[in-house]
Each structure stands twice: as C-alpha cells, then as structure tokens.
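Hi,

Here is the structure I promised to pass on. Have a look at it first, and then read on for what turned up.

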Amino acid sequence: MTVARLTDSERVSLLAELPEWQLREDGLAIVRTFRFADFSEAWAFMNRVALYAEKADHHPEWFNVYNRVEVTLTTHDADGLSARDAAMARAMEGFL
C-alpha cells in the first residue's frame, strides 16, 4: 500500500507546529528526545504511545534508557514523512 509523502510545505508547517521535533538529516524522518523525571514516567509514556500505535497501525522507532526516550518517525510505505507521522507526533505531544 502506497502512502502519500508530505510535501515540502506540509513538512515545514508540521515542524513549525511541533518545534521540539527536528527533521532528520536525510529529510525522511522527524526525531525528538523526550526526557522524564525517571524510568517509570518514561515507561508510562511509552505504554500510552504503544496503545495508540497499535490502534493507528503505525509504530515509532524508539530507544529508551532510564528517563530518556528517543523517537524517530517515518513511513516506510511513503519512503519518508506522511500524515501518519504527523498524527503520531501530535499524539505523543498530547501524552506528555
């Protein structure tokens, strides 16, 4: 299934809306590091995101160490950023 990639203007608008997110160097993903008070808070955040991701059928690439969660969002079917990544990033911000 092919998913539409965000246009340059859509990508610029997304990054303006979500200033904590950065465009990955290759332009095909957005990245953000979340920091929490401790491991329990980081894990609780990851649990909320995991439940959302299952319902959305769109899963983040992430890495967790203690209170830090590093996230990369991209859509492989779009070979870059899509509306699915934008929705996931917005949801993650809402879980803070």
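**The sheet**

Four strands make up an open sheet, in the order β1-β2-β4-β3, and the pairing is antiparallel. The edges belong to β1 (22-23) and β3 (61-65), each with a single partner strand, so one side of each has no neighbour in the sheet. Before you go further, please keep in mind that this is a predicted model.

Strand β4 covers residues 68-73, and its antiparallel pairing with β3 runs over five bridges. The two strands form a hairpin with two residues between them. Tyr66 sits in that turn and has a positive phi of about 45°. Along the pair, Glu61 stands opposite Thr72 of β4, and Phe63 has Glu70 in β4 as its bridge partner.

Is Thr72 buried or exposed? Its relative accessible area is 17%, and the cut-off for buried is under 20%, so Thr72 counts as buried. This residue of strand β4 touches Arg24, Ala29, Ile30, Val31, Pro60 and Glu61, leaving aside residues up to four places away in sequence. Glu61, then, is both a contact of Thr72 and the residue that stands opposite Thr72.

**The helix across it, and the core**

Now turn to α2. This helix (residues 39-56) lies across β2 (30-35), β3 and β4, and it runs at about 160° to β3.

Which residues touch the most other members of the largest nonpolar core? They are Trp21, Phe34, Phe45, Val69 and Met92, out of 20 residues in that core. The elements that give two or more residues to the core are β2, α2, β4 and α3 (83-94). Helix α2 gives the largest share, five residues. As general background, nonpolar side chains tend to be buried together in soluble globular proteins.

With residues up to four places away in sequence not counted, Trp21 touches Leu15, Ile30, Val31, Arg32, Phe34, Val71, Leu73, Ala89, Met92 and Glu93. Among them are Phe34 and Met92, which also belong to the group with the most contacts inside the core. Arg32 and Glu93 are on the list of Trp21 contacts too, and that pair comes up again below.

Arg32 lies in strand β2. What makes this arginine count as buried? Its relative accessibility is 11%, and buried means under 20%, so Arg32 falls on the buried side. Apart from residues up to four places away in sequence, Arg32 touches Glu20, Trp21, Val69, Glu70, Val71, Glu93 and Leu96. Gln22 is 10 residues from Arg32 in sequence, and their C-alpha atoms are 6.4 Å apart in space.

How many salt bridges are there? The count comes to six, and here are some of them.

- Arg32 and Glu93 meet through their side chains in a salt bridge of 2.8 Å, N to O. This pair links distant parts of the chain, with Arg32 in strand β2 and Glu93 in helix α3, 61 residues apart. Glu93 is partly exposed at 23% relative accessibility, whereas Arg32 is buried at 11%.
- Arg11 and Asp8 form a salt bridge whose closest N and O atoms are 3.1 Å apart. Both residues lie in helix α1 (residues 8-17), three residues apart, or about one turn of the helix. Arg11 is partly exposed, with a relative accessible area of 21%, while Asp8 counts as exposed at 53%.
- Asp26 and Arg24 form another salt bridge, with the closest N and O atoms 2.8 Å apart. Both partners count as partly exposed, Asp26 at 45% relative accessibility and Arg24 at 31%.

Cheers

Terms used. Residues numbered from 1 in each chain as written. Predicted model: local features only at pLDDT ≥ 70, side-chain atom pairs only at ≥ 80, totals over all residues. Heavy atoms only, no water. Pairing = 2+ DSSP bridges. Contact = heavy atoms within 4.5 Å. Axes fitted to C-alpha atoms, helices over the stretch in contact; angles between N-to-C directions. Core = buried A, V, L, I, M, F, W, Y, C linked by side-chain atoms within 4.5 Å. Buried < 20%, exposed > 50% of the residue type's maximum accessible area, 1.4 Å probe, protein only. Salt bridge = Lys/Arg side-chain N within 4 Å of Asp/Glu carboxyl O.
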